[in-house]
Amino acid sequence: MTAFSLEPAQLAWCAELRTLAAERLCPLAEKGESGRVNRALVAELGRLGLLARLFTSGALDLCLMRESLAYGCTEAETALALQGLGAHPVHTHGTEAQRARWLPGVADGTAVAAFALSEPGAGSDAAALELTAHPDGPARWRLSGEKCWISNAPEADFYTVFARTTPGAGARGVTAFLLPADRPGLTGRGLDMLSPHPIGALDFDGVPVTADDVLGEVDRGFRVAMGTLTLFRPSVGAFAVGMAQAALDATLAHTARRDAFGGTLRDLQAVSRQVAEMALRTEAARLMVYAAATAYDAGAPDVPRRSAMAKLLATETAQYVVDTAVQLHGARALRRGHLLEHLYREVRAPRIYEGASEVQRGIIAKELYARQEAR
């Protein structure tokens with residue numbers, strides 16, 4: 001297949017996922033508490049086999065899952081994505097014992113995972129992180145410092161934590177650790193954020209870790225982080241595309257039936273042109289996301305650039321589409337409980353997390369110049 005068309009089986013699967021999101025996942029999401037891990041929802045994702053698929057799917061399948069779930073239930077999409085983000089380093093870099101201990105629980109929805117990279121002073125500049133792993137004997141350390149804006153914190157069952165093992169070494173002195181939530185010295189608190197999904201901060205007060213907790217190699221953890229983000233960035237774009245499509249479809253329905261100025265809103269040229277622009281941008285973003293995911297699955301050499309482009313275009317597009325949809329709906333879209341009010345709160349964060357839009361532009365430029373110099 002190409003990056004620009006899906007097989008009939010894939011299209012049918014996407015339709016099935018949208019139905020599952022609406023009929024089985026949304027009712028559970030509605031019963032959840034904003035800002036808290038919805039374990040019933042995570043467990044249902046496990047029963048449906050979607051969490052296990054995180055470890056057997058390629059990047060394109062991950063994008064199709066996230067786009068389809070986002071269209072019908074953003075909470076379900078986010079719960080699935082956070083399980084993948086937190087557990088992917090264990091799947092790809094963990095020891096046999098680490099994988100056996102945690103991945104079955106992630107797959108069946110009984111163990112909640114989290115990816116702990118960002119810090120108060122090291123969000124976009126991940127190589128500048130300051131959580132310190134102080135030596136505490138042979139192949140033993142104690143973690144001291146703070147992580148912030150961590151999805152699923154402080155309620156996750158385990159964290160993929162990135163800490164500095166070699167001072168002054170930048171990206172080359174970071175190690176990834178698999179940290180169970182019950183380790184002594186680890187505490188956390190929830191943060192009241194615009195986005196409705198759970199986000200918190202973690203405090204590390206001499207938290208003990210050993211060589212058995214290392215993911216990959218000591219001082220090579222930055223590669224673990226960037227490898228995970230390179231896979232997930234196109235699928236963040238897919239999440240954004242799913243939200244944009246939901247906003248577009250809601251706008252089509254609303255403008256076709258809303259009476260205004262002796263006709264319907266769709267009859268107004270200014271409105272129809274805005275709707276056309278929403279559709280154009282959404283489809284362009286979707287194609288770039290699929291192209292980036294297909295390149296990842298094919299092992300193409302320019303994946304970092306493509307992933308950055310896909311995330312950048314799709315998240316910026318979704319912001320535009322949702323905002324325009326709110327404008328065309330008017331005040332009704334600002335009421336609590338309206339689909340667009342929900343999407344308006346959801347759509348802002350993806351332009352920041354997993355590398356802000358400015359970071360993506362930097363990655364794109366760096367890759368372009370590196371390619372030019374290699375010629």
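Tutor: Buried means under 20% relative accessible area, exposed means over 50%, and partly exposed lies in between, using a 1.4 Å probe and protein chains only. This is a predicted model, where local features need pLDDT of at least 70 and side-chain atom pairs count only at pLDDT 80 or more, while totals for chains, interfaces and linings use all residues. Residues are numbered from 1 along each chain as its sequence is written, and side-chain values use heavy atoms, leaving out hydrogens and water.

Glu67 and Arg286 form a salt bridge, with the closest N and O atoms 2.9 Å apart. Glu67 sits in helix α4 (residues 59–72) and Arg286 in helix α8, so the pair ties together parts 219 residues apart in sequence. A salt bridge here is a side-chain nitrogen of Lys or Arg within 4 Å of a carboxyl oxygen of Asp or Glu. Helices are DSSP runs of H or I with at least four residues, strands are runs of E with at least two, and both are numbered from the N terminus. The structure holds 20 salt bridges.

Now a second pair. Asp213 bridges to Arg183, with the closest N and O atoms 3.0 Å apart. Asp213 lies in the loop between β7 (199–210) and β8 (214–215), and Arg183 in the loop between β5 (174–180) and β6 (186–190), so this pair ties together parts 30 residues apart in sequence. Asp213 and Arg183 are both buried.

Arg47 forms a salt bridge with Glu44, the closest N and O atoms being 2.9 Å apart. Both lie in helix α2 (residues 39–47), 3 residues apart, about one turn of the helix. Arg47 is exposed, at 59% relative accessible area. Glu44 is buried, at 8%. Arg24 joins Glu44 and Arg47 in a network of salt bridges.

Back to α8, the helix of Arg286. Helix α8 (residues 269–297) packs with helix α9 (residues 303–329) at an angle of about 155°, their axes 8 Å apart. That makes α8 roughly antiparallel to α9. Angles over 145 degrees count as roughly antiparallel, under 35 as roughly parallel, 65 to 115 as roughly perpendicular and the rest as oblique. Axes are lines fitted to C-alpha atoms, for helices over the stretch in contact, and angles run from 0 to 180 degrees between N-to-C directions.
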